[in-house]
Amino acid sequence: MAYYGISSNLVLYLTRKLHQGTVKSANNVTNWVGTIWITPILGAYVADAHLGRYWTFVIASVIYISGMSLLTLSVSVPGLKPPPCHQANVDDCKKASTLQLAVFFGALYTLAVGTGGTKPNISTIGADQFDDFHHREKAQKLSFFNWWMFSIFFGTLFANTVLVYIQDNVGWTLGYGLPTLGLVISVLIFLAGTPFYRHRVPAGSPFTRMARVIVAAMRKWKVPLPGDPKELYELDLEEYARKGKFRIDSTPTLRFLNKAAVKTGSTDPWMLCSVTQVEETKQMLRMIPVMAATFVPSTMIAQIHTLFIKQGTTLDRQLGSSFKIPPASLAGFVTISMLISVVLYDRFFVPIMKKWTKNPRGITLLQRMGIGLVLHIIIMITASLIERHRLSVARENGLVENGGQLPLTIFILLPQFVLMGTADAFLEVAKIEFFYDQAPESMKSLGTSYSTTSLGIGNFLSSFLLSTVSDITKKHGHQGWILNNLNKSHLDYYYAFFAILNFLNFIFFLVVIKFYVYKAEVSDSLHVLTEELKVMRLKASNQEESGA
């Protein structure tokens, strides 16, 4: 609620209160949102290597609350924002001073540092409460991520409806003060549950473990691999069993990295790594192409809080005689559509598909992501056609030059918002679950941060594409596709370009999944581990008996 309470309407605050143009305000939003989603890599690193998930979350929450409080202050004190301006063109208004921008953006980026520690760790703390060795709990965990997203989007729905209405019609002080208060209450609720949580001990930096494997393999690039993987270096099964960890057998994929486990006489950790360590590194590297295939859809998600909302400001928002719909509240339909889709998916789609595929999830996580990618192509084709219609109405009514409001209801934008929610139910939920599920046990936080990183890079990509397309289309005396006056712009061309980009990305995704190898199920490897330990103990007792 706190995060979406700010990001949903931020583009309008930057335009109306800080007097920034279309491209600048949209890019400031996507750059900030990009930072919000990139910082979880640092949060995951600190949690896995140093403080553990619980303490990283608690300290980050304090930073988050500080940022929210400063932000509320910056929109409340008159001296911290430029004087009001009602010009049609924001270029004619007085710009914000350096101090005003420093306080406002300082608060935004403090908040971003806070979310870096909360986002990757809170979902992982939740998932940690389920025991993979317990059959019933393992089954419940499959459903946990669906209900986790359901809860998140419930907060989002409140932000996109109630909070944006307060910001548009009552004031920004209350509009930002409420989510700050909500955040404080939620952290207190979390702290109240402390005695009941299962806490995982930090397992050391995943980056260091991965770096050791890559360095060791490169240092031994001339060393031949043995024919039998059993000759590679590995710790005793007893060692793993004692620590409650899993041993992973050598796999033929990314064979070059297996050289890190070739014995050469040195025991230096930067020269010799265990097979399990090599396989953990492979698992993290194998997921990178899948993550790359989610950058483009993440760029589409960035449009919800930027260009989609700017489109809404040009349309008729009147509902009844006195109620005006805030443009940002249409993002609430993304949430409603997502909530409905997740419930239908969990309650109906999964049981039906389970009978056919015998897969406990109904379909594989990558298949679920693929459906989401196809929906993103459909969304951008739909958005382009709707924008074409909006521009034709602007021409018919002579509203192109003055950028006036069109006699066209804001609800014509609904299809692109509703479809975006349905796509999220497939792609975003599957993405979080996939990166958590496929990450090695000791690197779960880093795995979870892959999904947030893809959103971050998607937002930075959105800023890059918007600036580049805006500049290129203005060359040689052309008018340009993206202007401050949307009635003169050509967002329909821009959305069509996005549809093509999504199609090319989908082909890339199909190539990636063709070569992707799922990691072994924990329950399977546990079964194998138990059997191997039995065999080892049997051999040991036989040797003792024969010795006796």
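1. Setting aside neighbours within four places in sequence, Phe 104 is in contact (heavy atoms within 4.5 Å) with Leu 10, Tyr 13, Leu 14, Leu 18, Leu 71, Ser 74 and Val 75. The model is a predicted one, in which local features need pLDDT of at least 70 and side-chain atom pairs count only at pLDDT 80 or more, whereas totals for chains, interfaces and linings use all residues. Residues are numbered from 1 along each chain as its sequence is written, and side-chain values use heavy atoms, with hydrogens and water left out.

2. Phe 104 is also among the residues with the most contacts inside the largest nonpolar core, together with Trp 32, Met 380, Tyr 494 and Tyr 495. This core has 79 residues; a nonpolar core is a set of buried Ala, Val, Leu, Ile, Met, Phe, Trp, Tyr and Cys residues joined through side-chain atoms within 4.5 Å. Another core, of 24 residues, lies apart from it and includes Val 290, Ala 293, Phe 295 and Tyr 516.

3. Helix H4 (residues 40-76) and helix H5 (residues 98-128) have axes that come within 5 Å and cross at roughly 140 degrees. The contact of H4 with H5 comprises 21 nonpolar, 13 polar and three charged residues.

4. Gln 283 belongs to helix H10 (residues 275-286). Its relative accessibility is 6%, so Gln 283 counts as buried (under 20% relative accessible area, 1.4 Å probe, protein chains only). Not counting residues up to four places away in sequence, Gln 283 touches Ile 248, Gln 438, Ala 439, Pro 440 and Lys 519.

Note on methods. Axes are lines fitted to C-alpha atoms, for helices over the stretch in contact, and angles run from 0 to 180 degrees between N-to-C directions. Helices (H or I, at least four residues) and strands (E, at least two) are DSSP runs, numbered from the N terminus. Ala, Val, Leu, Ile, Met, Phe, Trp, Tyr, Cys and Pro count as nonpolar, Asp, Glu, Lys and Arg as charged, and the others, Gly among them, as polar. Buried means under 20% relative accessible area, exposed over 50%, partly exposed in between (1.4 Å probe, protein chains only).
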